[in-house]
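Dear colleague,

I am handing over the structure below, together with a short account of what was found in it. Please have it open while you read.

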Amino acid sequence: MAKGKDGGGGGNSNDSKYFTTQKKGEMHELRMELHATEKHVKVDAVKKVIASMTVGKDVSMLFTDVLNCVQTGNIELKKLVYLYLINYAKTQPELTLLAVNTFVKDSADANPLIRALAVRTMGCIRVDRITEYLCEPLGRALRDDDPYVRKTAAVCVAKLYDIAPELVAERGFLDTLHDLISDSNPSVVANAVAALSEIAESSGKDVMKVSAAVLQKLLAALNECTEWGQVFILDSLAKYTPADGREAEGIIERVTPRLQHANSAVVMSAVKVILSYMELMGSSNIRSDAIRSLTRKLAPPLVTLLNSEPEIQYVALRNINLIVQKRPHILENEIKVFFCKYNDPIYVKMEKLEIIIKLVSEKNIDQVLLELKEYSTEVDVDFVRKSVSAIGRCAVKLERAAERCIGVLLELIQTKVNYVVQESVIVIKDIFRRYPNRYESIIATLCDNLDTLDEPLAKASMIWIIGEYAERIDNADELLDTFLETFEEEDPAVQLQLLTATVKCFLKNPEDTQDMVQRVLDLATEESDNPDLRDRGFIYWRLLSTDPEAAKMVVLGDKPVIEDDTFRLDPGLLNVLIGQIATLSSVYHKPPEAFVVRRAAGISADDDEEDDDDENYEDGDTGEGDLLDMGGMNINDSRGATASVYETKSPMNKVCGAEKSNGIEVYAGFRQVNGTIRMEMQMNNISSPAEIQGLAIQLNKNSFGLSPTSQQISCNPPIAPGSSGIATVELVVTPNMLAPQSANQPASPQVQIAIKNMQTGTVFYFAVDFNLEALFSQDGTMERSVFIESWKSIDDRNELYGTVSDIPPENLDIDTVINKFKANNIFFIARRPVPNAEGQEVVYFFMRTITQMEFLAELTFKQGVTACKICLKTENSSYGLLAKQAIEYLLRDF
Amino acid sequence: MISMIMILNQKGDIMISRQYRDDVSRAGADSFRLQVVATKNTGTEAPVVRIENNSFLYTRHLNMFFVAVTRSNVNPALVFEYLYQLVRILKSYLGDEFDENAMRNNMTLIYELMDETMDFGYPQNCAVDVLKLYINLGSVKAQDEPEPSQLTSQITGAIDWRREGIRHKKNEVYIDVLESVNLLLSSTGAILRNEVTGAVQMNTKLTGMPECKFGLNDKLVIEKEGQRKPGVEIDDCTFHRCVRLGKFDADRTITFIPPDGEYELMKYRVTDNINLPFRIIPTIQEEQSLTKISINLKVIANFSDQLFATHVVIKIPVPKNTAKAKIKHSFGRAKYEPEQQAIVWRVKRFPGKAECHISADVDLMPTVRPKIWSRPPINCEFQVPMFTASGVHVRFLRVYDKSGYHTNRWVRYITKAGNYQIRI
């Protein structure tokens, strides 16, 4: 084969010919070629097969033929066959066994490259039978004389652990791996560290066991191994907790030289170690000096990262965003480096803006304002808008600079660029809220630009300003009047503001605006089908008609002063994320649990189809939970017809009255049936003119990400006027339906729903409270030991207490409760009597939602008392309350 | 760790994909094509995307996407550095401008490289020189292919960037100090941003395993040595992995065993006492009538008259509705280029200490609604050979080898404009 550079040269060197489409009979032809005696024909044929594989064509039927080529001394051919094997072994586990001999033979080859290749490839073949044969060669490879083989074997242990953890334990590979940390070769050390870290993370066990001796080994290897190895070691050091400040300082000293490495991953991992250890260094005088000098050392490398490739800049900026929130001093004098360059990609510019706002201070505000003003004249609309809004945020943040910021905003408004004006108006509203009664002089300028506003948010902001300062605007009522002409076409946000502003205007100047307020109230309460608007309209109406003074106090009352907390993270989360510097978590600004999903069940289901042995094995592995789960389902199935007490059922509540929906009364609730979430609706056709036959449904974004699998609901049989019927909607959880959550607020149980009656064309809206038990997953089991660990690891702040009283007596029997809960996917973990308390017993339960939120519950029962104490622990604290309510509901009402 | 590496073409078709873990399905990977490539927002949206629990991290070479897919909480900098390395390796094998065709023609080679440079999602040996010793598709099965065991110790050794037994007839080192100077001046002439980023590019052709010591006029070192000469204050620097960082941290000496051939030894950043090669003083006046603009520009070459700048291009922005521009200038070529919305002045050779003027009267077309001109900055490009804006120069490069051979060294300096902008 010729070298790649002369690509199109000799016919042999050109792999692209293998990509030519395969006609009929081609497979047969390939098969013939694979069996050819000439080596080059054979090699070419395998290349064609690999090419087909790459473009996604199924060539698994050639398995035996390709496998036949494996008996070869030609390394190139061997590598190709191995590549094929890795891809298709899972579909042909029996046939793959035929390759075992070759693997075993190769793993004892004289050439270390071949020995390593065999072990590496075997580890990638995820077939259980193969793994049995892997153990022997792997054991030998871990002790091989050649470092290349050892380093490959080290990673292979992690591969094996992923498939068969018990085999790794049985063979003592973990200990061997641990010994490799002391290997003389730095590459071997690095890979051993990588493998151990991974096993530690997936198993939750401390397999690294960093002792003083190991620590020294790691620090020594840090100086010698490759850039990647340095990253592995630094990342594992970051997970280690030094015994005291002195040790922390010692390690930091050895790590700081890494800040000068050309590889940005090494630099960022070193930053992570230093930042995490700084926490431990305490605050004595000597220490704070040390911390100060470290802070000085950290700034230059962080700044240097901004001279790297744009992708690295992006990662660095997301991390710096966290760092400046945690330790603002590090970069307080470096704001200039975050000024955007003309040719930075937009995503870099956006992140830089965020950091500029975080670093802005009285000292640098003038410079920052000049910059932001400059950005506001660029071409990218999103960036310009964000820059304008940044000016407003500076004003909200720095009181003394507010006036200068407003000055700049006014200049920008003069440019008359449509989106600049709109964004300016939006932020000026925020400035008014922050500093009430201070800058009204600029209202006149704003009013000159009314006609440029066409976006809902900008309009709503302007209307708010008019209403709030109606007494100082001579023609406030006229201005509002112009908006009212198009009231019905406006966005709901604008309508709401118009309503409020008109009422404010009326309260301040009742004589001239009586007609107007009447008109708005009519529009809001009678013409609109938006429930929010209508409700607000009614409230105002009632307030105004019963007690205008009270109305004044409510509508014109003082508003809380706002702060600029946009994008500021909650301190708890920030601390978590600081420990996650240089991981994806720090880029997403989310804790790892929020996006790392362990191997999904779907994958093991594939295995089951192929191999019966696998299935048994899997069952044995996941253990008790699954079996119990099936039991639960069986009970359901057998007794379903008689509406057993153990069946899940939807708590049906009236959610929509006939007056809102043109004659249809709706009761609705949620439940889970065979793993599917359902919303069940009972519809009473009170006075709808036609039979209810077809409905269309739409859900608003909600706290659970629920959305219907199909928008059409058909009622079969149709529900005639005067009768009632049932409609069921199947729901799925999709991330893009998830309403944005604020970290510390309890999640709202409400699911807002719109339904269109296809017969009459009526659209009606209502909201149903979601009951969380419908979201609990069938595979929500947990090992007892894991449960105990989790229980301990969850912070007490994430605990919820409550007592359920008046439980029906039949629900006080613990066995009944356990069975009942199981049917609702709340799984029993353990029970024990409370020592020294006669007749008291605690029971532990575990539940996991389909969205992978976990809840741990402790229920305390006492004989003869119709109440139960609940203690609930979860990391997803905003959903804790809902989980507790679900348990309470199930206890009260089976 | 990384589950899969894919290389896609412009349309998002998979050209190469190597699965390192089986937790990502092909269908899952395909969502990248549908949701990222198809939107054509790849230049403006973040290079880290999460779709259905799969995280995609990507970079581009020409119009190809190099994508890493993962389900775990990986170190993103590590992933990007690996992707850059992969592109670098492919460039070295297939040529700097390798394209889709070259990829297809060398598919098996690429698979082999991907197999060797990453295992189970962990990056492994990425040193091109070493890779070329044993991944070459049999082409250079030349006389000097080392023994397998020698090879493996090379791959896993502490010095994996250099192999033993290199011989050169002439021992030579070429050192290029490349600086790019960034400047942003406000319209009042205040310096908003001024910074030099420099790189020391080496090309070493040395025999054996020589130990090198390299010295710049780093202020900290010079002060320590008690010399009177002024030094340059270097804000921060990063080094090629051959440099002993511990040693640098301890006493700021730069010691290393060099790779053979071309590589970047170090990068540095300087922000203080920068010699700006060009001073540009603009006066730009818009007339009240909004139909005329008069531009006056004074440009002073602020470096020794022994030197000269090349490829000087100064772009003076003018409004969109420019009708014509009457330009007067002393040398070079200048004309109004509507597509750039600027008067572009090009000078091939600009002597040091020279001072020259350019002036222009710009006539604007009347517009129905007077539009305010956003006044973008004046932009400059240039190169000044044998000049460093930071003042950095190479003090020495000492080569120690047991055989004690003589080494020839050549040092070149060049400063060019990075972002050199003057707001008006």
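Chain A is assigned domain 1 (25-257), domain 2 (360-454), domain 3 (455-563), domain 4 (653-770) and domain 5 (784-892), where the bounds come from an automatic or database domain assignment. This is a predicted model, in which local features need pLDDT of at least 70 and side-chain atom pairs count only at pLDDT 80 or more, while totals for chains, interfaces and linings use all residues. Residues are numbered from 1 along each chain as its sequence is written, chains are lettered from A and ligands numbered from 1 in the order in which they are written, and side-chain values use heavy atoms, with hydrogens and water left out.

To stay with chain A, the centres of its domain 3 and domain 5, taken over C-alpha atoms, are separated by 48 Å, and the C-alpha trace of the chain spans about 100 × 75 × 75 Å along its principal axes. Its secondary structure comes to 38 helices and 14 strands, counted as DSSP runs numbered from the N terminus (helices H or I, at least four residues; strands E, at least two). Of the 894 residues in chain A, 55% are buried, that is, under 20% relative accessible area with a 1.4 Å probe and protein chains only.

Chain B is divided into domain 1 (2-126), domain 2 (172-274 + 387-422) and domain 3 (278-385), and 44 Å separate the C-alpha centres of domain 1 and domain 3 of chain B.

Between the chains, the axes (lines fitted to C-alpha atoms, for helices over the stretch in contact, with angles from 0 to 180 degrees between N-to-C directions) of helix α2 (residues 39-54) of chain A and helix α4 (residues 107-117) of chain B come within 10 Å and cross at roughly 75°. That makes α2(A) roughly perpendicular to α4(B), a term used for 65 to 115 degrees. Here K47(A), I50(A), A51(A) and T54(A) meet M107(B), T108(B) and Y111(B), with contact meaning heavy atoms within 4.5 Å.

With kind regards

Notes
Angles under 35 degrees count as roughly parallel, over 145 as roughly antiparallel, 65 to 115 as roughly perpendicular and the rest as oblique. Buried means under 20% relative accessible area, exposed over 50%, partly exposed in between (1.4 Å probe, protein chains only).
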